[in-house]
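Have a look at the structure before reading on.

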Amino acid sequence: GPGQAEMYAGLQELGVANGEDLKETLTNCTEPLKAIEQFQTENGVLLPSLQYALPFLDLHGTPRLEFHQSVFDELREKLLERVSAIALEGKVEERYKKLEDLLEKSFSLVKMPSIQPVVMCVMKHLPKVPEKKLKLVMADKDLYKACAVEVKRQIWQDNQALFGDEVSPLLKQYILEKENILFSNDISFLQNFFSPSPKTRRQGEVVQKLTQMIGKNVKLYDMVLQFLRTLFLRTRNVHYCTLRAELLMSLHDLEISEICTVDPCHKFTWCLDACIREKFVDNKRARELQGFLDGVKKGQEQVLGDLSMILCDPFAINTLALSTIRHLQDLVGQDTLPRESPDLLLLLRMLSLGQGAWDMIDSQVFKEPKMEAELITRFLPLLMSFVVDDHTFTVDQKLPSEEKGPIPYPSTIPEAFTKFLQENRIACEIGLYYILHITKQRNKNAFLRLLPALVETFSDLAFSDIFLHLLSGNLTLLSDEFALEEFCTSLFDGFFLTACSRKENVHRHVLRLLLHLHHKVAPAKLESLQKALEPTKQSGEAVKELYNQLSEKLELRKPSPAEVTETPSMELPLPTVPTPASR
């Protein structure tokens with residue numbers, strides 16, 4: 001076929017006879033057998049000792065092809081070893097000169113499957129493959145595919161579009177993996193989105209593949225960062241910020257100084273990475289991080305865009321927010337005001353920088369966002385007053401109550417709190433983390449008191465996937481409360497259901513939660529929830545799938561009619577249990 005001809009085309013250029021030559025010889029000769037013998041002698045393996053060995057192999061029925069193939073394979077292995085050795089020996093210029101000559105000689109045979117590995121090996125060891133050869137490889141799908149990543153890097157660095165095509169499916173896969181974790185059916189307060197350590201996350205398939213594709217190539221690293229910035233701008237999806245940090249730290253793990261030393265965020269990210277590992281910013285690291293921020297020089301403000309993206313990584317925000325809540329509790333104990341705590345102010349500064357990442361990269365105005373004084377003088381003291389309310393209530397419960405009846409838990413929320421959650425992004429983020437904190441403490445009173453403030457929040461943050469993922473995990477700690485009508489009404493009717501119809505993701509999170517806790521919910525409530533959560537025509541596949549899973553579970557829970565009517569035959573009279581009216 002034409003494939004054969006093309007495959008062996010290179011041989012003639014090198015003065016090696018091929019099948020065509022044999023055909024020609026045989027067509028134009030008078031004694032074909034003599035001609036074949038002559039062709040074999042001229043083109044066989046030129047070793048005197050073989051002259052007698054080959055007929056011996058013939059006697060044993062070993063085909064000549066098999067013999068030649070094994071000799072060839074042996075030689076190819078030797079050649080591959082030799083090429084790899086040449087790449088390491090002698091003066092730099094000399095060894096590359098040798099390899100370039102070898103490439104010149106062998107490249108015309110690159111289509112021969114048997115020779116291809118050798119040609120590819122030579123190219124792999126050349127730091128600069130001649131432009132012309134790269135173009136030929138690029139133009140041929142199969143050759144491009146067969147190339148070592150070392151050669152592909154040389155192609156990619158001058159072909160952003162081609163590199164983009166290779167990276168794009170990986171980035172899609174990465175985002176999908178993150179979303180699968182946020183929506184996973186396993187709900188637990190022990191294991192959540194933020195549980196895996198940074199080191200573990202960097203072992204993920206996508207990060208490893210990208211690290212491999214980049215190698216030590218700064219140009220490719222910059223391209224990937226550019227893709228991540230562009231996608232973050234286009235989608236506002238914060239997982240791209242996580243990948244930005246993970247990629248840098250993955251190169252850091254491999255000690256690729258060629259890249260780490262030129263990324264101005266390296267040391268900052270490294271320090272922050274240690275904080276994320278501990279889920280806390282300690283004083284020593286706080287000083288270090290502050291040093292980096294204060295050290296941004298005039299004319300280099302653009303680095304703030306990168307730093308803000310590193311701080312916008314949800315793992316960074318999570319760490320900063322958890323640290324903020326811990327600091328506020330400490331301040332209550334020390335009777336100190338937020339504005340008197342430099343550590344707290346630094347955490348807020350980093351939170352603002354992270355939360356402002358999108359605006360900064362979008363506007364290309366590189367300066368730190370201004371911190372609103374009210375946040376520090378009014379909002380944080382408000383949160384501290386909630387902590388105090390809890391202490392007071394707990395102490396009151398323990399005091400012997402004489403004439404005074406039991407002191408009720410404060411049920412109203414200061415209007416200022418609700419307003420802050422609606423209008424101030426940082427306040428909203430910290431407020432949400434405070435609510436996660438009280439839920440984790442199983443503080444039902446505080447939870448029900450603050451829950452109404454979540455219906456309207458800044459940019460709907462209370463209905464974001466990360467918050468709902470964490471909240472549903474923490475709510476498993478309050479699972480016994482789900483039997484109470486009042487609790488369910490506040491949580492479902494008062495919060496979740498207000499957004500279900502307009503936000504598909506909220507619908508999914510409620511169904512996830514019920515799949516996990518349905519056996520704790522009062523039957524009457526469960527029935528009304530099942531009606532309220534029925535998918536509409538507009539609902540996506542995920543919602544329908546979850547709803548079906550839930551319906552199946554509830555179907556299994558219903559007692560069969562036979563069970564209901566049968567009275568247990570026992571000697572002792574059983575106390576009658578009132579059944580819920582709405583069955």
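Is F379 buried or exposed?

1. F379 is buried, with a relative accessible area of 0%. (Buried means under 20% relative accessible area, exposed over 50%, partly exposed in between, using a 1.4 Å probe and protein chains only.) Bear in mind that this is a predicted model, where local features need pLDDT of at least 70, side-chain atom pairs count only at pLDDT 80 or more, and totals for chains, interfaces and linings use all residues. Residues are numbered from 1 along each chain as its sequence is written, and side-chain values use heavy atoms, leaving out hydrogens and water.

2. There are 17 aromatic pairs. (Rings of Phe, Tyr and Trp, the last by its six-membered ring, pair if their centres lie within 6.5 Å; planes under 30 degrees apart are stacked, over 60 edge-to-face, the rest tilted.) F379 and F420 make a tilted pair, 5.2 Å centre to centre with 55° between the planes. F420 is buried too, at 8% relative accessibility.

3. F463 and F495 are stacked, because their centres are 4.9 Å apart and their planes at 15°. Both are buried. They also belong to one aromatic cluster with F447, F482, F487, F492 and F496.

4. R236 lies 3.4 Å from the ring centre of W358; R326 is 3.9 Å from that of F280.

Key. A charge sits over a ring if NZ of Lys or CZ of Arg is within 6 Å of the ring centre and within 35 degrees of the ring normal.
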